[in-house]
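Here is a short briefing to read alongside your structure.

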Amino acid sequence: MPASRTRSRSANPAANAFVATLVALSSVSAVGAEACAPEHNPAVVDALNQLFEAASHDDANLFKEVLAPNFYAFDNGKRFDGMQLPELIKAAHGAGKTYAWSVNEPEVHIACDWAWVTYTNRGSVGDASGTHPMS
């Protein structure tokens, strides 16, 4: 799976990794053979939004529902496998960081039982110094 390249105003690895996420989503495979049709693109974006929801609430169960068994994301040359990304985000939350993510301008690719998406993430990163917009 190719890596996406994006720029972020935040030097925080959790935010950068989320911005650069390329996702193979298990909920897309649940649609089965019907997922081969382009009209199923909203299901892919919905699964990514569920991933953001899980990240916002450190919901390990929702992560496991949404992430495919072979999920990985790349950012700044580092690969995050499986639950590494959710664990990184949870640790950042524990250190007082907050994140808001959104899917904008998604480009969805579907190959029957797997999918990947690139998008622009417009959101924010917050800490004790305040909340800062990022893209």
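**Strand pairing**

In this predicted model, strand β3 (residues 98-100) pairs with strand β6 (residues 123-127) in the antiparallel sense, over 3 bridges.

- With 2 residues between them, β6 and β7 form a hairpin.
- D127 stands opposite G130 of β7.

**The largest nonpolar core**

- Which residues touch the most other members of the largest nonpolar core? They are L48 and W101, in a core of 27 residues.
- At least two residues of this core come from each of α3 (41-56), α4 (60-66), α5 (84-94), β4 (103-111) and β5 (114-121).
- Helix α3 supplies the largest share of the core, with 8 residues.
- As general background, nonpolar side chains tend to be buried together in soluble globular proteins.

- L85, P86, I89, A92 and H93 are the buried residues of α5.
- Why do the buried residues of α5 line one face of the helix? Seen down the axis of α5, they fall within an arc of 120°, so they share that face.
- On the other side of α5, the exposed residues are E87, K90, A91 and G94.
- Just after α5 comes G96, which takes a positive phi of about 95°.

How values were computed
Residues are numbered from 1 along each chain as its sequence is written. This is a predicted model: local features need pLDDT of at least 70, side-chain atom pairs count only at pLDDT 80 or more; totals for chains, interfaces and linings use all residues. Side-chain values use heavy atoms; hydrogens and water are left out. Two strands pair if DSSP finds at least two bridges between them. Helices (H or I, at least four residues) and strands (E, at least two) are DSSP runs, numbered from the N terminus. A nonpolar core is a set of buried Ala, Val, Leu, Ile, Met, Phe, Trp, Tyr and Cys residues joined through side-chain atoms within 4.5 Å. Buried means under 20% relative accessible area, exposed over 50%, partly exposed in between (1.4 Å probe, protein chains only). The arc is that of the directions from the helix axis to the C-beta atoms.
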